[in-house]
Amino acid sequence: MTTTHSAEADAPEFPMPRAARCPFDPPPEAKAKQEEGPLARVRLWDGRTPWLVTRYAEQRALMADPRVSSDIRRPGYPSPAPVTGEGSKISFILMDDPEHARLRRMVTAPFAVRRVAAMRPAIQKIVDDLIDEMLAGPKPVDLVEAFALPVPSLVICELLGVPYSDHDFFQDNSKVMIRQTTAVEQRQAAIGALAAYLDELVGAKLTEPGDDLLSGLASRVEAGELTRAEAAQMGVLLLVAGHETTANMIALGTLALLEHPEQLARLRDTDDEKLVSTAVEELLRYLNITHNGRRRVATEDIEIAGETIKAGEGIILANDIGNRDPEVFADPDRLDVGRDARRHIAFGFGVHQCLGQSLARLELQVVYSTLYRRIPTLRAATELDEIPFKHDGAVYGVYELPVTW
Amino acid sequence: MKVVVDEDRCCGAGSCAMVAPEVFDQREDDGIVVLLDAEPTDGLRATVREAADLCPAGAITLGDA
């Protein structure tokens, strides 16, 4: 039909740019699309024109719809960058059930709510020790380097059984891997380096198992349930996802709070654990750092919101604007740490919803309830427009955040 | 209120155990849902409803007791 044709011809480029001086808000063009309707066409780097799903209700419905696939190997999949992996190099987040469920269930237990809750004292100590070091050191200091990156890196290293002394290596390669502007060969090299590193670690755990997640995977390799390449691939996924995302929430969340001092004060001055966890949910909603949408492809025709998404067409669920949908969150562009935001979809929805969400929540609860209380005069040591934001990142955040007190 | 869980659909995200730990837990070996109380009291209605709503896999079904 001509209307569809012209909608595709006029499709705006995606991802869309954020507005200058509004680093916490989603792109205005995306918000405008949301106001126009629940579905729009957008154009990707490779010329494809998948559907952009703009509203919370349709996003949630589609992420839970069995006719919607996460399999990157399907031809219509709207990949955010050239696809580099094949076969065993693809992680389970880019597969469908039952393949996905089989692999995910092998690593779910350590992230269960009660298991994670038991880590609270250890995480509190990591946070307190890093703050001690910051306070004893020179200022201004880069909060990303001194605090935001080390907290989740130390935690995930402990959980996986990765030596933290290798953090420069895995942090550098993770950065290259998730930057959208990284050239294909460079990304391949970074993923290859991380996979080789994790493969070696899994090998070491085969002979000398410990009480950690990689040792658990090694024993499954031994039992023939998993290939060593699959185990290494899962290790890469958990290591990268385990530190990059939370690190960005810590640094960007701190900056957002510094820019909203009345909200920061509520968090700093409370003993109420409930308010702290409410604040974490609200910051997850408000910042939605996985800002390039969840990517899917339809396996059957899907009638939704008066349109037909045809089998084989790509779908992008823009959860950043879904989390700013006024139908679900009143006055959605306001940061309100007391708001009940638990329905947010910052962790996605459907069977692919973030595996590490309990751990992320706990780390953020400990950080947000400790950092501002222990350094009550914490402030940015530079102007907002001097701060380098990760516009080119698969995960949004700041590259550095100079702070003083 | 009657609660039914579908272990095959569960993806172990843990939302239910976070929201309503009196009613839901997770298996030790693979994080899959464990139903602790299939007929929770009226006082737990709201939290159990929220748990069902938040379940990303649609693995929790509620009915009348």
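## About the model

This is a predicted model, in which local features need pLDDT of at least 70 and side-chain atom pairs count only at pLDDT 80 or more, while totals for chains, interfaces and linings use all residues. Residues are numbered from 1 along each chain as its sequence is written, chains are lettered from A and ligands numbered from 1 in the order in which they are written, and side-chain values use heavy atoms, with hydrogens and water left out.

## Chain B

Let's start with chain B, which has two helices and four strands (DSSP runs numbered from the N terminus: H or I of at least four residues for helices, E of at least two for strands). Along the sequence they follow the order β-α-β-β-α-β. The radius of gyration is 10 Å, close to the 11 Å that the globule rule gives for 65 residues, so chain B is as compact as a globular protein of that length. That radius is taken over C-alpha atoms, and the rule is 2.2 Å times the number of residues to the power 0.38.

The C-alpha trace of chain B spans about 30 × 20 × 15 Å along its principal axes. Buried residues make up 48% of its 65 residues (buried is under 20% relative accessible area, exposed over 50%, partly exposed in between, with a 1.4 Å probe and protein chains only). Among contacts in chain B with a separation of 6 or more, 58% join residues 24 or more positions apart; a contact means heavy atoms within 4.5 Å.

## Chain A

Chain A holds 16 helices and ten strands. A compact globule of 405 residues would have a radius of gyration near 22 Å, and the 21 Å of chain A agrees with that. Its C-alpha atoms fill a box of roughly 65 × 55 × 35 Å along the principal axes.

Buried residues account for 56% of the 405 residues in chain A. Of its contacts with a separation of 6 or more, 71% are between residues 24 or more positions apart.

## Nonpolar cores

The largest nonpolar core has 99 residues, and those touching the most other members are Phe147(A), Leu160(A), Leu287(A), Leu359(A), Tyr368(A) and Val398(A). Such a core is a set of buried Ala, Val, Leu, Ile, Met, Phe, Trp, Tyr and Cys residues joined through side-chain atoms within 4.5 Å. Helix H12 (residues 228–259) of chain A gives the most to this core, with 16 residues. A second, separate core of 21 residues includes Cys10(B), Cys16(B), Cys55(B) and Ala57(B).

Beyond its neighbours within four places in sequence, Leu160(A) contacts Asp212(A), Leu213(A), Leu214(A), Gly235(A), Leu238(A) and Leu239(A). Leu213(A) and Leu214(A) are also among the buried residues of helix H11 (residues 213–222) of chain A. The cover over the buried residues of H11(A) includes helix H8 (150–160), helix H10 (184–207) and H12 of chain A.

Gln59(A) sits in helix H3 (residues 56–63) of chain A and counts as buried, at 0% relative accessibility. Leaving out residues up to four places away in sequence, the residues that Gln59(A) touches include Val53(A), Leu317(A), Asn319(A) and Ile345(A).

Gln365(A) belongs to helix H16 (residues 357–374) of chain A and is buried, with a relative accessible area of 14%. With residues up to four places away set aside, Gln365(A) touches Arg120(A), Val276(A), Ser277(A) and Val280(A).

## Backbone details to look at

Most residues other than glycine have a negative phi, and most peptide bonds are trans. A cis peptide bond joins Phe14(A) and Pro15(A), with omega about 0°. The bond from Asp97(A) to Pro98(A) is cis too, with omega near 5°.

Asn288(A), not a glycine, has a positive phi of about 30° and counts as buried at 2% relative accessibility. Ala305(A), also not a glycine, has a positive phi of about 50°. Ala305(A) is partly exposed, with a relative accessible area of 44%, and lies in the loop between strand S6 (302–304) and strand S7 (307–309) of chain A.
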